[in-house]
Amino acid sequence: MSARLKLVDCVPHQRFEFDYNRNAIFFQSKLIKLSSHEADILHLLLLNRSRVVPLGTLIERVYGATEPETAPVSIRVAVHSLRKKLAETGIKIRAKARVGYEIDVDSVPEMNLGLKDTVLSALNVAKAARQRDIADRLQAVLHIVETQNAATGAAAVS
């Protein structure tokens with residue numbers, strides 16, 4: 001059984017797209033390949049952006065029940081490698097001493113998606129719990145939020 005999350009396929013940021021299913025980042029028409037551990041870590045950090053994800057949570061999500069003794073070091077090495085790969089995108093991973101890691105949304109304000117992000121998270125939870133009725137309603141709310149954001153964005157450009 002895989003401990004990999006399969007909730008959000010991509011996260012928009014200018015010309016940035018994270019494809020979790022392919023362990024890849026597309027940035028300015030360039031492909032950045034990730035290891036499966038790097039993809040799991042990035043996925044969890046993006047789902048919890050602007051919140052610190054404890055090291056224990058990262059270990060649990062990456063390794064599941066088969067956690068090796070070297071898991072904390074392995075996570076730190078994967079985060080270090082991920083930081084290098086993300087450097088050109090402007091997305092930074094910030095460490096909180098003895099706690100965990102977080103995406104630095106201050107360096108990329110558009111990564112803080114607000115209401116849309118909250119609805120997406122709830123939608124993903126409902127889908128994972130197979131609560132179809134709730135998922136359908138949240139999908140409708142997501143459509144409204146996206147429509148509102150598009151209208152607001154178009155008005156700002158005018």
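How many bridges join S4 to strand S6? Two bridges do, and the two strands run antiparallel. Keep in mind that you're looking at a predicted model, where local features need pLDDT of at least 70 and side-chain atom pairs count only at pLDDT 80 or more, while totals for chains, interfaces and linings use all residues. Residues are numbered from 1 along each chain as its sequence is written, and side-chain values use heavy atoms, with hydrogens and water left out.

Let's start with the overall layout. The protein has five helices and six strands; these are DSSP runs numbered from the N terminus, with helices (H or I) of at least four residues and strands (E) of at least two.

S4, S6 and S5 form an open sheet in the order S4-S6-S5, with antiparallel pairing (two strands pair if DSSP finds at least two bridges between them). Strand S4 (53-54) and strand S5 (93-96) stand at the edges with a single partner strand each, so one side of each has no neighbour in the sheet. Strand S6 covers residues 100-103, and its Tyr101 is the bridge partner of Val53.

Two helices pack on this sheet. Helix H1 (residues 36-47) touches S4, S5 and S6, and its direction makes about 70° with that of S6. Helix H3 (residues 71-86) touches S5 and S6, making about 150° with the direction of S5. Those angles, on a scale from 0 to 180 degrees, are taken between N-to-C directions of lines fitted to C-alpha atoms, for helices over the stretch in contact; contact means heavy atoms within 4.5 Å.

What about the inside? Nonpolar side chains tend to be buried together in soluble globular proteins. Here the largest nonpolar core has 29 residues, of which Phe18, Ile25, Ile41, Leu42 and Ile75 touch the most other members. A core like this is a set of buried Ala, Val, Leu, Ile, Met, Phe, Trp, Tyr and Cys residues joined through side-chain atoms within 4.5 Å, and buried means under 20% relative accessible area, with a 1.4 Å probe and protein chains only. Elements giving two or more residues to the core include strand S1 (16-19), strand S2 (24-27) and helix H2 (55-63).

Finally, how far can you trust the picture? The average pLDDT (the predictor's confidence in each residue, from 0 to 100) is 78. Over residues 1-12, though, pLDDT stays under 50. Where pLDDT is low, the predicted coordinates should not be read in detail.

Key:
Buried means under 20% relative accessible area, exposed over 50%, partly exposed in between (1.4 Å probe, protein chains only).
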